[in-house]
Amino acid sequence: MTALATPRRRRLKLRLIEPVMPALRVLRALLRFAAMTAAGFAIGIGLALAVPLAFHARPLVVLSGSMEPTLGTGDVTVVRTIAPLDARPGDIVTFRDPEDADRLITHRVREMRAQGGAVVFRTRGDANTASERWQISSTEEIGRVAYRIPKLGWVLTYARSKGLFVLMLGGALALLLVLELTSIWRTEEGDRDQVA
């Protein structure tokens, strides 16, 4: 009796589910697309921030509006290390504040000249009216902005302060894994139903 009841239940279940199957397929496809997009975005941002480390570059968050509109507050700049003599007027460079060595400044080079064993710079933020003059030994290093990622700094700063960055990346990858495993299992179940 149970052998006959099982197919009947299955047929009844299929009759109830069949009308909503197209909507469920669309919903599943949309969820998969959203998860893959989120995972791809997270991986792409992670690569944009991590790959430069292999090429003597590092990401820095812009904390002030002195370079607006070129660099906005909250942007992430990827800064490549260069020798001071490799900088040119017009470059955006990152250097240690002459008055506070713990602070980094990112401004545009207006003038530069070699003087003995040092390089003398005049730099100014695009939004500032005053320039700063500073010098650095020609054997030391400064940074030159290679590219920027707009507004990502706010997310990174918040995530780092709350310990959420690893959680967000891990969550996106876990969701992608679950969706892929679900699609694999559904394919195997469909194959078994066709064989029986």
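Analyst: A salt bridge is taken here as a side-chain nitrogen of Lys or Arg within 4 Å of a carboxyl oxygen of Asp or Glu. In this predicted model, R144 and D91 meet that rule, their closest N and O atoms being 3.0 Å apart. This pair joins distant parts of the chain, since R144 sits in strand β7 while D91 belongs to the loop between β2 and β3, 53 residues apart. R144 is partly exposed, with a relative accessible area of 26%, whereas D91, at 17%, is buried.

Strand β7 (residues 142-149) also holds R148, which is linked to D75 in the loop between β1 (57-61) and β2, 73 residues apart. The closest N and O atoms of R148 and D75 are 2.7 Å apart. D75 is buried, with a relative accessible area of 1%, while R148 is partly exposed at 37%.

A further bridge connects R110 with D126, with 3.5 Å between the closest N and O atoms. R110 lies in strand β4 (residues 100-115), and D126 in the loop between β5 (118-124) and β6 (132-137), 16 residues apart. R110 is partly exposed, with a relative accessible area of 27%, and D126 likewise counts as partly exposed, at 26% relative accessibility. These two residues also belong to a network of salt bridges that links R108, R110 and D126.

By the rule stated above, the count comes to 6 salt bridges, among them the pairs R144 with D91, R148 with D75 and R110 with D126.

Note on methods. Residues numbered from 1 in each chain as written. Predicted model: local features only at pLDDT ≥ 70, side-chain atom pairs only at ≥ 80, totals over all residues. Heavy atoms only, no water. Helix = DSSP H or I, 4+ residues; strand = E, 2+ residues; numbered from the N terminus. Buried < 20%, exposed > 50% of the residue type's maximum accessible area, 1.4 Å probe, protein only.
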